[in-house]
Amino acid sequence: MSKDERPLSPHLSIYRWPITMTLSILHRMTGFALSIGLVAYVVWLEAIAWDVIPYATFYAISHSILGQVVLLGWLFSFFFHLCNGVRHLVWDTGRLFEKHQTITSSWIVIISAVILTGSYWLFF
Amino acid sequence: MSLRSPLSRVLGSGSAKEGTEHWWMQRVTAVALLIIGLWFLVSIAGLSAYDRAEMYRWAGHPFNAVMLILASVTLAWHSILGVQVVVEDYVHGPFLKVLALLLNKFLHIFLAAAAVLAVLKIALGDFSGDSL
């Protein structure tokens, strides 16, 4: 029997997609996006300090439509990662581990992140 | 029966020779970034022009400069720990994995050093921004 024909234990495709899984994946994705954002943060500081990368260029790019979309993405990533991070810290104390609680907290995190992102973006 | 001595158990040392350090520092830097991140968003929202002169004055303010240095180091630290887990999960093969883990650390520390130097230059130089 070749390797491909062996029976496999149930994997991702076999389960109904739970909201908690979405949150888990989003936490990693937003975290990685923020790591990329760290590069932009440092370039921004270098531009302010030395103008080696001209600050005007940085300003123009960040105020272009594409730049604004990326900034909005980082803002949402920040708030999502922050809210879900707090959820993780609560779990670390051993609380809210019941199935229905993890589903409720998932929605609280999503709604909080969207509201925070929206209100900061409009206020800003 | 465990062959581990009570001392090694108490130090949390498994076969990897390190215990809860990664997990714990991820939490410590997370709490720090919660504070620093919210400070950053609130502080930067109070500005108006966002041109270089205004950013220079803002970043050169002693309190802001300290917070920016803390932000740079803590962000890089938290990011090292996070990206490390991603590399360990998705990059396979001993050579590639070790290379990626090394690059992860080197690049992050480079970014942190560059950011700290930039803030120091702004804060220790003429931070009125008039000379720009």
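Visitor: At what angle do α3(A) and α4(A) pack, and how far apart are their axes?
Guide: In this predicted model, α3(A) and α4(A) pack at an angle of about 145° and their axes are 9 Å apart. Axes are lines fitted to C-alpha atoms, for helices over the stretch in contact, and angles run from 0 to 180 degrees between N-to-C directions. Helices are DSSP runs of H or I with at least four residues, strands are runs of E with at least two, and both are numbered from the N terminus.

Visitor: Which residues of α3(A) and α4(A) make the contact?
Guide: On α3(A) they include A:L72, A:F76 and A:F80, and on α4(A) they include A:V109, A:L116 and A:W121. Two residues are in contact if their C-beta atoms, placed from the backbone, lie within 7 Å. By class, the residues of this contact are eleven nonpolar, four polar and one charged. Ala, Val, Leu, Ile, Met, Phe, Trp, Tyr, Cys and Pro count as nonpolar, Asp, Glu, Lys and Arg as charged, and the others, Gly among them, as polar.

Visitor: How are the residues and chains labelled, and which parts of the model count?
Guide: Residues are numbered from 1 along each chain as its sequence is written, and chains are lettered from A and ligands numbered from 1 in the order in which they are written. As the model is predicted, local features need pLDDT of at least 70 and side-chain atom pairs count only at pLDDT 80 or more, whereas totals for chains, interfaces and linings use all residues.

Visitor: How many residues does each chain bring to the contact between A and B?
Guide: Chain A brings 22 residues and chain B brings 24 residues. On the side of chain A, α1(A) gives the most, with eleven residues.

Visitor: Is A:I25 buried or exposed?
Guide: A:I25, which is found in helix α1 of chain A, is exposed because 10 other C-beta atoms lie within 10 Å. A residue is buried with 20 or more such atoms within 10 Å of its own C-beta atom, exposed with 12 or fewer, and partly exposed in between.

Visitor: What about chain B: how many helices and strands?
Guide: Chain B has five helices and zero strands. Buried residues make up 23% of its 132 residues.

Visitor: How many residues does the largest nonpolar core have?
Guide: The largest nonpolar core has 38 residues, and A:L45 and B:A59 are among those with the most contacts inside it. Such a core is a set of buried Ala, Val, Leu, Ile, Met, Phe, Trp, Tyr and Cys residues joined through C-beta atoms within 7 Å. The largest share of this core, nine residues, comes from α1(A).
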